[in-house]
Structures are given as C-alpha cells and as structure tokens.
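User: Can you walk me through this one? I'd like to start with the helices and then go to the side chains.

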Amino acid sequence: MENNSLEKRFSKLIIIISILIPVVVAILFGVKLKDFGYNVEPLSFLPPIYATTNGITAIILIAAVVAIKNGKRKLHERLMTGAIALSVAFLVMYVAYHMTSDSTKFGGEGAIRYVYFFILITHIVLSIAIIPMVLITYVRALAENFDKHKKISKITFPIWLYVAVTGVVVYLMISPYYVY
C-alpha cells in the first residue's frame with residue numbers, strides 16, 4: 001500500500017516535469033542571449049563534451065543492466081542515478097550551447113541527409129518520450145515496487161540507450177559542419 005502511495009505522490013510531479021522540460025527546452029532553444037544585450041562568447045566547446053556525456057550515459061546504462069543481472073542492486077542504483085545526472089548535465093549544456101550559438105545546419109547531401117534527419121527526428125521524439133519513462137521507472141524502484149519497475153525498465157532501457165547512442169551519432173554526423 002505504501003509503495004503505491006509513493007508512486008501516487010510523485011505522479012503529478014512526473015507529469016509536470018515531463019511537460020515542463022520539453023517546453024522550456026523548446027523555448028530556450030529559440031532564445032539567444034545576444035538578442036537580449038548579453039555579450040557572451042559562443043560556447044562552441046560544448047558539443048563534443050555533451051556528445052561524450054551521451055556516450056558515457058550509454059555505457060553506464062549497459063553497466064547498470066549488467067550489475068542488476070549479477071545481483072548487484074546497490075551498484076545498479078548508483079549507476080542509474082549517475083545516468084540520470086549525466087542526462088541532466090547534457091540537457092544543461094545543450095541548452096547553454098544553443099542559447100549562445102547559432103544552430104549548425106547539416107551539410108550532407110543525398111541519402112546520408114535522409115539518414116541524418118531520420119536519426120535526428122527519432123532522437124528528438126524519443127528524448128521527449130523517455131522523460132516520463134525514466135521518472136516512472138526510477139520512482140517504482142524508490143517505492144521498491146520491483147515487479148512494476150522491472151516491467152517498465154524493459155521498455156525504458158532500450159529507448160534511453162537509443163537516445164544516448166543517437167545523440168553521439170548526431171554529433172558525429174554534424175560535427176564537420178560546425179563553425180568554430
């Protein structure tokens with residue numbers, strides 16, 4: 001009973017966060033600090049850092065699955081908390097970069113252009129969808145509702161891993177077109 005009450009207490013917060021993050025990111029994506037009179041240098045050093053953060057997140061997600069399959073629950077918990085922290089760090093760096101820099105246009109032509117946009121669009125859509133999934137999965141673990149946690153984590157894990165890996169792929173595909 002108490003486990004369900006913990007989930008219920010967090011359910012509204014999960015909904016709010018799941019809506020607020022994409023909306024705020026979309027708004028901030030369009031905000032350029034220079035337009036408001038702030039003379040800030042473009043944070044052009046951030047894309048390789050936040051792409052690396054995505055790569056490390058992917059590795060941590062895999063390590064967390066290995067840990068839980070080997071019965072190392074505390075290690076799994078720490079790794080998952082770390083993956084969430086890295087995802088938040090990515091988001092902060094991503095927004096900071098886009099608030100100080102113009103967006104980079106993908107310059108590839110032909111079939112590679114379609115591949116790039118397919119990866120980019122699925123990455124963006126799933127990065128929005130993964131927010132409530134991660135939060136629900138995490139809260140179910142906190143509530144020690146491990147049957148429900150395990151059930152949703154089988155869906156959350158591959159989507160989150162896809163988002164983390166495609167974040168790196170998108171960076172690698174667009175990086176030749178960055179202007180430094």
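Analyst: One definition first: the expected span of a helix is 1.5 Å times one less than its number of residues. Keep in mind that this is a predicted model.

User: OK, what does that give for helix H5?

Analyst: H5 covers residues 146-174, which is 29 residues, so it should span 42 Å. Its end C-alpha atoms are 40 Å apart, which agrees.

User: Where does H5 bend, and by how much?

Analyst: At Ser153, by about 35°.

User: What does the secondary structure of the protein come to?

Analyst: Five helices and zero strands. Along the sequence the pattern reads α-α-α-α-α. The C-alpha atoms fill a box of roughly 55 × 35 × 25 Å along the principal axes.

User: How much of the protein counts as buried?

Analyst: 35% of the 180 residues. As for contacts between residues at least 6 apart in sequence, 81% of them join residues at least 24 apart.

User: Switching to rings. How many aromatic pairs are there?

Analyst: A search of the whole structure turns up 11. Take Tyr50 and Phe90: their ring centres are 5.4 Å apart and their planes sit at 85°, so this pair is edge-to-face. The cut-off for that label is over 60 degrees.

User: Where in the chain are those two?

Analyst: Tyr50 is in helix H2 (residues 46-69) and Phe90 is in helix H3 (residues 73-100).

User: Buried or exposed, Tyr50 and Phe90?

Analyst: Tyr50 has 6% relative accessibility and counts as buried. Phe90 is buried as well, with a relative accessible area of 15%. The cut-off for buried is under 20%.

User: And what about Tyr116 and Phe117?

Analyst: They form an edge-to-face pair, 5.0 Å centre to centre with 80° between the planes. Tyr116 is buried at 5% relative accessibility, whereas Phe117 is partly exposed at 31%.

User: Which residues do ring pairs link into a cluster?

Analyst: Phe29, Tyr50, Phe90, Tyr94, Tyr97, Tyr171 and Tyr178. At Phe29 there is also a charge to note: Lys32 lies over the face of that ring, 5.9 Å from the ring centre.

User: Now the largest nonpolar core. Which residues touch the most other members?

Analyst: Tyr50, Tyr116 and Tyr178, out of 15 residues in that core. The elements giving two or more residues to this core are H2, H3, helix H4 (111-142) and H5. H5 supplies the largest share, four residues.

User: Why would such side chains be found together?

Analyst: In soluble globular proteins, nonpolar side chains tend to be buried together.

User: What is Tyr178 in contact with, leaving aside its neighbours within four places in sequence?

Analyst: Pro47, Tyr50, Tyr97, Thr104 and Tyr171. Apart from the core that holds Tyr178, there is another core of 12 residues, among them Ala64, Ile130, Met133 and Ile159.

User: Last topic, backbone. What is the phi of Glu144?

Analyst: Positive, about 60°, although Glu144 is not a glycine.

User: And where does Glu144 lie?

Analyst: In the loop between H4 and H5.

Conventions: Residues numbered from 1 in each chain as written. Predicted model: local features only at pLDDT ≥ 70, side-chain atom pairs only at ≥ 80, totals over all residues. Heavy atoms only, no water. Bend = angle between axes of the 7 residues up to and from the residue. Phe/Tyr/Trp six-rings, centres within 6.5 Å; stacked < 30°, edge-to-face > 60°. Buried < 20%, exposed > 50% of the residue type's maximum accessible area, 1.4 Å probe, protein only. Lys NZ or Arg CZ within 6 Å of the ring centre and 35° of its normal. Core = buried A, V, L, I, M, F, W, Y, C linked by side-chain atoms within 4.5 Å. Contact = heavy atoms within 4.5 Å.
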